[in-house]
Amino acid sequence: MRKSLILICRNEEYRLKLLLPLMRPNFDEIIIINQESNDGTEEIALKYADKVVNDIATGFADSSLKLAHSLVTNEIIVRLDADEIITNRLLFDIDNYMMSDINGLLCSRAYIELFSPITLDLLT
């Protein structure tokens, strides 16, 4: 099954530079809603995303969620914040669950504070 990634961002240039190269190979479609960023967020988004749409900044991402969902073309939708990373194991589990009769998957978060650059070794 094909997977879409949704990111709703405002001034996330630095985080997108780390996140998007890691996520691009794992998703068939990446949709980024840019909430009035004034850094390089839009430029980085255009480099990796299939769709980049500007929206009004309201102070929270949920206000752009309906817009993001209207742009999705795939069966599986994953929503991340720019400071979150999805592991290869979870991607594997999503694929397996979606081949069953389950119609949704709620995942708990693990918060890990990184004080050095992210490496692929930390993500597997």
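Analyst: A salt bridge is a side-chain nitrogen of Lys or Arg within 4 Å of a carboxyl oxygen of Asp or Glu. This is a predicted model, in which local features need pLDDT of at least 70 and side-chain atom pairs count only at pLDDT 80 or more, while totals for chains, interfaces and linings use all residues. Residues are numbered from 1 along each chain as its sequence is written, and side-chain values use heavy atoms, with hydrogens and water left out.

User: How many salt bridges does a search of the whole structure find?
Analyst: The search finds 6. One of them joins arginine 24 to aspartate 50, at 3.0 Å from N to O.

User: Which parts does that pair tie together?
Analyst: Arginine 24 lies in the loop between H1 and S2, and aspartate 50 in the loop between helix H2 (41–48) and S3, so the pair ties together parts 26 residues apart in sequence. Helices (H or I, at least four residues) and strands (E, at least two) are DSSP runs, numbered from the N terminus.

User: Is isoleucine 94 buried or exposed?
Analyst: Isoleucine 94 is buried, with a relative accessible area of 6%; buried means under 20%, exposed over 50% and partly exposed in between (1.4 Å probe, protein chains only). The residue lies in helix H4 (residues 88–98).

User: And the sheet: what is the strand order?
Analyst: The order is S3-S2-S1-S4, an open sheet of 4 strands with parallel pairing; two strands pair if DSSP finds at least two bridges between them. Strands S3 (51–55) and S4 (76–80) are the edges, each pairing on one side only.
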